[in-house]
Amino acid sequence: MKNAVIIKGNKAGMTVYLDPKLPFQELLEAVAKKFKETARFWGTAQMTLTLEGRELAPSEELQIVDTITENSNIEILCLIDSDAKRIERCERALNEKLMELSSQTGQFYKGNLRAGDVLESEASIVIIGDVERDAKVIAKGNIIVLGSLKGTAAAGAAGNLNAVIVAFEMAPAQAKISDLSLQKPQKGWFSGRGPMMILVENGRICMEPIKKSFLSALNFI
């Protein structure tokens with residue numbers, strides 16, 4: 001199991017190289033051991049994560065992220081995917097499914113929201129465009145941005161803690177779900193590549209890669 005997991009820092013976060021031949025459960029054990037051993041070195045930090053060295057299913061990626069956070073004081077802000085084709089397929093499928101879902105339960109807004117614009121919805125909303133800095137979106141349901149989110153987004157405005165915020169490029173100045181706020185950190189905000197989501201877990205608002213369970217709920221992976 002020697003060198004089954006190699007960690008290298010980069011400007012935005014870290015890259016973890018994984019043994020391509022090790023059985024996955026043994027690999028998780030190696031990840032846990034490596035991050036326990038190096039926890040003091042990394043300290044308390046917010047980082048992006050890139051996984052290299054082997055092909056991973058989305059569920060396996062999430063297990064690795066969970067293993068890292070459980071065995072260190074590192075908060076993974078996002079998982080950077082180097083497979084551009086997979087990102088494109090995921091975004092296209094997500095785009096199609098969310099548009100279908102919104103046509104049944106929410107509403108669309110087509111175009112970019114610019115500084116000073118405020119868009120409010122009594123249900124969920126899909127924005128086909130960008131939410132630029134100093135623009136604001138407020139919805140009682142979910143907020144889905146098929147573009148970049150750099151302004152303010154407030155989902156679950158009527159107190160719905162199950163609401164989510166999803167964007168293809170996630171870098172909001174501020175995000176809220178119900179009365180919980182996620183502020184832009186002073187030392188940097190990393191969006192990575194590929195869709196991201198903001199949700200409430202265990203009473204805490206957080207940003208993370210879109211979970212397999214969320215995709216499954218929309219009937220596609």
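**Exercise 1. How many aromatic pairs does a search of the whole structure find?** Classify the geometry and the burial of the residues involved.

*Solution.* The model is a predicted one, and a search of the whole structure finds 1 aromatic pair. The partners are Phe41 and Trp42, whose ring centres lie 5.1 Å apart with 80 degrees between the planes. Since planes over 60 degrees apart count as edge-to-face, the pair formed by Phe41 and Trp42 is edge-to-face. For burial, the cut-offs are under 20% relative accessible area for buried and over 50% for exposed. Phe41 has 66% relative accessibility and therefore counts as exposed, whereas Trp42, at 16%, counts as buried.

**Exercise 2. Describe the overall make-up of the chain in terms of secondary structure, burial, contacts and surface.**

*Solution.* Begin with the secondary structure, which comprises 5 helices and 15 strands.

**Exercise 3. Locate the salt bridges, and state for each partner its place in the chain and its accessibility.**

*Solution.* The structure holds 2 salt bridges. In one of them Glu132 is joined to Arg114, with the closest N and O atoms 2.9 Å apart. This pair links distant parts of the chain, 18 residues apart: Glu132 belongs to the loop between β7 (124-128) and β8 (136-139), and Arg114 to the loop between β5 (106-110) and β6. Glu132 has 27% relative accessibility and so counts as partly exposed; Arg114, at 46%, also counts as partly exposed.

Glu122 forms a salt bridge with Lys140, and here the closest N and O atoms are 2.7 Å apart. Glu122 sits in the loop between β6 and β7, while Lys140 sits in the loop between β8 and β9 (143-149), so that this pair too links distant parts of the chain, 18 residues apart. With 63% relative accessibility Glu122 counts as exposed, whereas Lys140 is partly exposed, with a relative accessible area of 37%.

**Exercise 4. Characterise the surroundings of Ser121.**

*Solution.* First place the residue: Ser121 lies in strand β6, which covers residues 118-121. Its relative accessible area is 6%, so Ser121 is buried. The side chain of Ser121 reaches the backbone nitrogen of Ala123 at 3.1 Å. Leaving aside residues up to four places away in sequence, Ser121 touches Gln107, Ile138, Ala139 and Lys140.

**Exercise 5. How far apart are Leu79 and Pro209 in sequence and in space?**

*Solution.* Leu79 is found in strand β4, residues 74-80, and it counts as buried because its relative accessibility is 12%. Along the sequence, Leu79 and Pro209 are separated by 130 residues, yet their C-alpha atoms are 6.2 Å apart in space.

How values were computed: Residues numbered from 1 in each chain as written. Predicted model: local features only at pLDDT ≥ 70, side-chain atom pairs only at ≥ 80, totals over all residues. Heavy atoms only, no water. Helix = DSSP H or I, 4+ residues; strand = E, 2+ residues; numbered from the N terminus. Phe/Tyr/Trp six-rings, centres within 6.5 Å; stacked < 30°, edge-to-face > 60°. Buried < 20%, exposed > 50% of the residue type's maximum accessible area, 1.4 Å probe, protein only. Polar contact = N/O pair within 3.5 Å; in protein donor to acceptor, adjacent residues only side chain to side chain. Contact = heavy atoms within 4.5 Å. Salt bridge = Lys/Arg side-chain N within 4 Å of Asp/Glu carboxyl O.
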